[in-house]
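Happy to go through this one with you.

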Amino acid sequence: MQISRIDRDLGRFRDIVRGKIKENLRKYISHGEMVGRQGKDLVSIPVPSIDVPHFKFGAKEQGGVGMGEGEDGQPVDAGEEGDGQGEAGDAAGDHILEVEVTLEELAALMGEELELPRIEPRGRRSVESYRDKYSGISNVGPPGLRHFKRTYREALKRQLVTGTYDERDPVIIPIKRDMRFKSWTRTEEPASNAVVLYMMDVSGSMGDEQKEIVRIEAFWIDTWLRSQYKNLEFHFIIHDAVAREVDRHTFFHTRESGGTKISSAYRLCAELLEENYPVAEWNVYPFHFSDGDNWGGGDTDICLDLLQNQLLPRVNQFCYGQVTSTYGSGQFKRDLDGRFEDEEAMVTSQIDGKSDIPDSIKDFLSKGR
Amino acid sequence: MMSREDLRRWQQKIEGHASDAGLDFFDQRFELVDYRQLNEIASYGGFPVRYPHWTHGMEFDRLNKGYQYGLQKIYEMVINNDPCYAYLMKENAVVDQKLVMCHVYGHNDFFKNNIWFSKTNRHMIDEMANHASRIRRYVNLFGLDEVESFLDVCLSIERLIDVHSQFVTRHRIPLDHSRASVDATPDFRYEAKPYMESFINPEEAVQEQKRQHEEKVKASESPRQPEHPERDVLWFMMHHAPLNSWQRDILGMVRDEAYYFAPQWQTKIMNEGWATYWHSEFMTKFVMNDSEVIDFADHHSGTVGGQGFNPYKIGLYLFRDIEDRWNRGRFGQEYDECQSYEKRRAWNQDLGQGREKIFEVRKIYNDVTFIDTFLTDEFCEEHKLFVYQYDLDKDQYVIASREFKKIKRQLLSQLTNAGQPLISVIDSDHDGKGELLLRHTYEGTPLDLAYAKGTLSNLFKVWRKPVSVESVYKDKPIVMRFDGKEAKIRDLASTAG
């Protein structure tokens, strides 16, 4: 039977699903739901049912006949047809498809949709790791790597040519020069390291809605950077008037009531980089999210100096995302833009609501740095 | 697992029992496949070779997931073909293989003898393979995207056929492929030297031919196409839509396949009931050994159990009920008019016509006439049938009634046209602008408007002019028109005149 063709049809179907995901990707990106759907390597995405449209009855209007106990008015589980032996192909799916995609694929889709360029890793592009792959055949090698099939084929060839092969008594005896061995080639894999530092203002003016936006945006930024760097490290810094390093969970779930000193976070960030991440070996991505309020008393000037002297020289790109809140003045972005107008490594983005998330991601990642 | 030899021996045994019981079947072939192969074949509607289309891939994905998560598994798959092919899954237990084989002989007999199957192509496996290779050739010529999206359109309307046209002659005006040809009056004179002209082209003959041609032209310019509402929308599109020859060919193939599958939609309850009746008969009387009783009971109850509407169960018990009634003579005027519950229960005339009757039923009935004729009040009560309806307040389905009349009505309405809306072509020159007008014959259940919109937009792709469908929504007559960009719904009552 010749039925291997199903794989091609399956491929076509998956292409269509991929297309659907891409079509709706902006919606997914600005939707928090996806974040909760992440497994280890897979994300489960609900795709609206894919079906060939045809004339059919509206489901709820139709009703039906069932069997079993029950009083009038008692709820029934419709749609549960005794389908133990379902015949092929007549139960069309009204269900929503749950499609599992790898994070890598999701990143690729996002890259296509938002037209993100691949990141050109900075610094030493030195070769840092090798991988051996058995891909060839060689005439010499250790007995353990002997390739039986190839060896016997050589022996058979030789015996046929020399006329020592007897088809009534087909004995094939390899001699030394028939021996074939598996051989490997060494491929070089440039490995580049990157560190991502998330900083967030958790002072009173940042509400749950703002934090949710940061959480969603961070998920997608992670997804993209993961697809670009093999070795990725994360640090999370929260700050109000003082800054401290926390784990991922605490980062997204902390609320303080104090005032805001952004310089505290930048200083901690600079210290972390100074101690652990030599410029030559690491690609550095600090992201800072706040509502743009900073204490007076010259703290903003301290921030600008820290950026100028300590942070910007070390980083690939410094990203500042300003999440609009009812209380925030939004002044900090204006200050940054004013000072670093010509500085390519500084990217700022205004995020008014969830629907701005895709564009904000694009702001941050479209430079390919 | 059973060896091939064992299976073959069992097949012979079961075939013997089937013959003895009076079943009349095509030569039966079994193919042994693993679950993946079975799912592949099932995705192609039971056929080893079908044309390429993504819907097959989607079905495969669904079946594979269902199997892997342990939600469902296909036990039997059998194809109406001569010889009849059925598939056995390698991984199945011995008792399952036996049961499936018994079951398959029931289907085989049904395919061969039920009148609704009599017009189906009995070499459909070959035909499907032919279709596949023709469509693959078009794919090579015109590209997969082009062909696949045209198939999308065809599949969108594949159920819009006229099943009864197989048995009666419909008056239709077939295609005049050259719509333009009527404009140019051909020259009816043969080429001739001037002195031969009056002999080769006598004036009367030329005039006569001209007259005949003009009549023909007039006839083909019938004021309205179709003359009568046309249920076979596929046929109509083939003959009246502006299609390329390859598109017409594909549409024709999809139509052939639809007519092939139609009797299976029309006889789902009967077909499964019949096969279940016979597997139960053979298994319990001859085939099963003592150690298999529990597994059989388990499997059988899986088949005929469940809460919802189960065609296997209704079919099986209705056949048994008919057999019992005709054995005891519980039919006819005298019985129907008997009012005494006691008397009716004890009714027995020892007629012994049960077997004969069910063989007759399997020959000439389909699901609609089957339910219409044989569903009785007692049966509904005994098997606890009910009607459920959607309750807007509770936002779920609830039991609405156990009244016999309502149950029967609901069943018949959902079996009519195999549960599909009745759609006909009304006019191919709607408003004098060449627009296509369809009508949904409303019988109480409205259309799914989102799907209707998608279907119209697909039809627009082949008709190339606006397409509309008349229907009724919320008790008001409406028409939905798709003009190439968007679908608009118009209230017919308020804008009439």
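Q: Which residue in strand 4 of chain B does Met67(A) stand opposite?
A: In this predicted model, Met67(A) faces Leu385(B) of strand 4 of chain B.

Q: What is the order of the strands in the open sheet, and which are called edge strands?
A: The three strands run in the order 2(A)-4(B)-5(B), with antiparallel pairing. Strand 2 (64-67) of chain A and strand 5 (396-401) of chain B are the edge strands, as each pairs on one side only. On average, neighbouring strands of this sheet are turned by 50° against each other, direction ignored.

Q: How do you know that both faces of strand 2 of chain A are covered?
A: Look at the two sides in turn. Gly64(A) and Gly66(A) lie on one side, Val65(A) and Met67(A) on the other, and all are buried. To be called buried, a residue needs 20 or more other C-beta atoms within 10 Å of its own.

Q: Why is helix 9 of chain A called roughly parallel to helix 10 of chain A?
A: The axes of helix 9 (residues 262-276) of chain A and helix 10 (residues 299-311) of chain A come within 8 Å and cross at roughly 20°. Angles under 35 degrees count as roughly parallel, and that makes helix 9 of chain A roughly parallel to helix 10 of chain A. The crossing is left-handed.

Q: Which residues meet where these two helices touch?
A: From helix 9 of chain A they include Ile262(A), Tyr266(A) and Ala270(A), and from helix 10 of chain A they include Ile302(A), Leu306(A) and Gln310(A). By class, this contact has nine nonpolar, two polar and two charged residues.

Q: How many residues are in contact between the two chains?
A: On the side of chain B there are 72, in contact with 50 residues of chain A. Helix 3 (residues 54-68) of chain B gives the largest share of the chain B side, nine residues. That side has 32 nonpolar, 29 polar and 11 charged residues.

Conventions: Residues numbered from 1 in each chain as written. Chains lettered and ligands numbered in written order. Predicted model: local features only at pLDDT ≥ 70, side-chain atom pairs only at ≥ 80, totals over all residues. Pairing = 2+ DSSP bridges. Helix = DSSP H or I, 4+ residues; strand = E, 2+ residues; numbered from the N terminus. Axes fitted to C-alpha atoms, helices over the stretch in contact; angles between N-to-C directions. Contact = placed C-beta atoms within 7 Å. Nonpolar A, V, L, I, M, F, W, Y, C, P; charged D, E, K, R; others polar. Parallel < 35°, antiparallel > 145°, perpendicular 65-115°, else oblique. Left-handed = near helix turned anticlockwise from the far one by under 90°. Buried ≥ 20, exposed ≤ 12 C-beta atoms within 10 Å, placed from the backbone.
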